[in-house]
Amino acid sequence: MKAGKEQGETILTLEDVTFGYGDRAVLDAVSLVFRPGEFVAVVGPNGCGKSTLLKAMAGLIAPGRGSVMLAGQRVLAFPRKKLAQRMAMLAQSNEAPAGMVVADLVGMSRFVHEGWLSRGTPDDQAHIDAAMRTMAVADLADRRVGELSGGQLQRCRMAMALAQDADILLLDEPTNHLDLKHQYALLEMAREQAARGRAVIAVLHDLTHASLYADRVILMDGGRVVADGSAADVLTCTNIADVYGITTVARTFGRAIVHLPESAGE
Amino acid sequence: MKAGLGLALATVVLCLLCALHLAAGARFSSPALVVDALFNHDPRNYQHVVVIKQRLTRLVVAGYAGAVLSVSGLLFQKILRNDLVSPSTLGINSGAVAFVILGIYIFELNGAALFWPALIGGVAAVAVTFLAAGLVSRGGRDPLSLILGGAMTATLFSSATTFAISLDPDRFGNLMGWLVGDIGNFDYQPLAWLWPVGLAGIGLAFILCRQIDLLTLGTEQAAMLGADPRLVRAGTLALAIPLAISAVCVVGPIGFVGLVAPHITRLLIGETGRVALAFCALCGAVIVITADIAARTLLAPQLLQVGTVMALCGGIAFLVIVVTTLRRRVA
């Protein structure tokens with residue numbers, strides 16, 4: 001476990017972050033704090049600003065108001081390479097070129113640790129191999145991206161993000177394209193990364209996943225943070241009805257909270 | 001194919017073709033004669049002179065043009081993430097030619113000085129192509145928009161060229177070969193000035209290769225992996241355009257090699273990394289040298305223009321690439 005996991009230490013802070021296209025506010029005065037060693041799930045209906053929130057954290061968009069601070073410095077002030085040494089992201093779009101070899105794809109993220117002369121070091125290879133084993137894609141190393149199924153590619157891209165070896169992992173709908181087994185494997189992996197002292201922040205669609213794996217759940221609606229806390233506190237029937245506009249009954253299985261439509265609960 | 005093996009094979013093929021290029025011609029020279037002409041040159045021996053002055057110089061020009069055009073094409077295809085772009089399909093060739101003709105007509109430039117109007121023409125063509133592509137864009141990233149824009153740009157600049165020539169046809173009589181793309185016996189003279197452009201361009205492409213590879217994953221992903229997308233894209237354009245221009249200045253608008261060589265590279269060894277870049281350069285040299293051998297031997301003793309040979313073969317290849325690209329998009 002990495003040093004400095006004690007409560008109170010923050011790694012990423014959002015203060016009053018507001019972002020919009022024209023008059024439409026996509027993020028509306030969002031203030032959040034993230035700590036190392038936390039697995040945070042961001043949930044909310046389509047178009048509530050979840051993905052935009054991740055982009056703002058990653059310095060891919062400049063908020064109209066407010067700021068995102070990483071270790072006391074504005075994210076936007078970081079040179080991209082310096083920022084990428086601290087923060088990795090699994091984006092939603094799948095744009096890897098079809099002709100690229102999987103081992104090369106995963107190795108792309110090692111760029112952040114390369115100097116002009118030091119590349120392809122044993123350390124680089126060790127990280128690439130470990131990441132590919134973790135995501136169970138080691139046997140795909142010699143395949144071309146175009147030959148992969150959607151799920152295989154998603155796992156390879158996750159391996160790429162892991163090999164980047166950053167303190168902060170931003171995951172935008174990481175379970176996309178994955179089958180049941182790999183969905184749970186990915187979520188286990190994310191929790192394990194958090195246990196090693198990383199801050200893992202994932203946009204999730206499945207509330208059950210969020211309740212089962214995340215240390216903390218952030219519920220968003222219309223660009224605002226509606227609730228932020230433990231799954232039991234956030235994923236209440238009242239909140240769900242307010243945000244998703246559907247009346248549900250909640251069932252719990254251990255940690256997991258399952259929201260079913262009202263009709264199914266009778 | 002393993003990348004290293006591919007590179008070794010391409011080198012062997014290139015060497016064999018160079019030997020064939022020096023030996024083949026209107027009259028076939030024996031290998032012994034070629035070796036003699038190279039290492040034991042006798043300026044009074046006419047056949048020695050043919051091998052050196054007519055074949056070796058052409059060989060160097062063809063190899064240079066093929067290599068820089070292919071690397072330029074690969075760079076464009078990577079940063080624009082569009083398999084159909086190349087110096088010719090982006091209109092760069094036509095833009096350079098138009099400005100060279102204007103440079104000759106208005107400022108009476110010649111020789112290596114023509115590099116500058118050609119470069120301006122190339123940059124202008126890329127700007128017009130992007131602009132036109134933006135206008136015809138049917139939303140999203142349609143690879144055909146840029147090609148349509150490039151075709152419009154090429155037509156525009158070609159008509160400017162034709163117009164300028166028609167004002168004073170006699171003055172451009174000796175440029176007819178260059179206008180369709182040809183390797184002349186004296187083309188090594190501008191190359192003697194321009195080769196540093198190619199060397200520097202390819203060298204910088206090797207240095208920037210990693211960042212350019214990151215950009216093939218998309219702008220946001222590249223940014224998250226530590227590259228500055230705008231900087232890398234601008235820098236790569238600043239390499240790819242002069243590379244193509246340095247070839248156009250020497251041999252004229254030879255098309256398609258910059259389109260086809262990257263595709264062959266991708267097919268055989270993939271597109272990632274420095275080995276692929278080197279392979280692409282060798283592949284381009286092989287293509288143009290082969291075209292030059294064909295141009296000199298198909299209708300011997302008459303010479304064909306390399307540009308004509310390339311346009312014939314390259315046009316067919318272009319069609320195949322467009323069709324497969326569109327099929328892949330539909331699927």
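Visitor: Taking contact as heavy atoms within 4.5 Å, which strands does helix 5 of chain A lie across?

Guide: Helix 5 of chain A, residues 150-163, lies across strand 6 and strand 7 of chain A. Helices (H or I, at least four residues) and strands (E, at least two) are DSSP runs numbered from the N terminus. This is a predicted model, where local features need pLDDT of at least 70 and side-chain atom pairs count only at pLDDT 80 or more, while totals for chains, interfaces and linings use all residues. Residues are numbered from 1 along each chain as its sequence is written, chains are lettered from A and ligands numbered from 1 in the order in which they are written, and side-chain values use heavy atoms, without hydrogens and water.

Visitor: At what angle does helix 5 run to strand 6 of chain A?

Guide: About 175°, taken from 0 to 180 degrees between N-to-C directions of lines fitted to C-alpha atoms, for helices over the stretch in contact.

Visitor: What is the order of the 6 strands in the open sheet of chain A?

Guide: The order is 6-7-8-3-9-10, with mixed pairing; two strands pair if DSSP finds at least two bridges between them. Strand 6 (87-90) and strand 10 (224-229) of chain A are the edges, each pairing on one side only. From one strand to the next, the twist averages 15°.

Visitor: Strands 3 and 9 of chain A, parallel or antiparallel?

Guide: Parallel, over 4 bridges, between residues 39-43 of strand 3 and residues 216-221 of strand 9 in chain A. A:Val40 has A:Arg216 of strand 9 as its bridge partner. Helix 1 of chain A, residues 50-57, packs on this sheet and touches strand 3, strand 6, strand 7 (168-172), strand 8 (199-203) and strand 9 of chain A. Its direction makes about 150° with that of strand 7 of chain A.

Visitor: And strands 11 and 12 of chain A, how many bridges?

Guide: There are 6, in the antiparallel sense, between strand 11 (residues 248-253) and strand 12 (residues 256-261) of chain A. One pair of bridge partners is A:Arg251 and A:Val258. The two strands form a hairpin with 2 residues between them, and A:Gly254 in the turn has a positive phi of about 60°.

Visitor: What is B:Asp213 in contact with, leaving aside neighbours within four places in sequence?

Guide: From chain A, A:Met100 and A:Met108. From chain B, B:Lys78, B:Glu271, B:Thr272 and B:Gly273.

Methods. Contact means heavy atoms within 4.5 Å.
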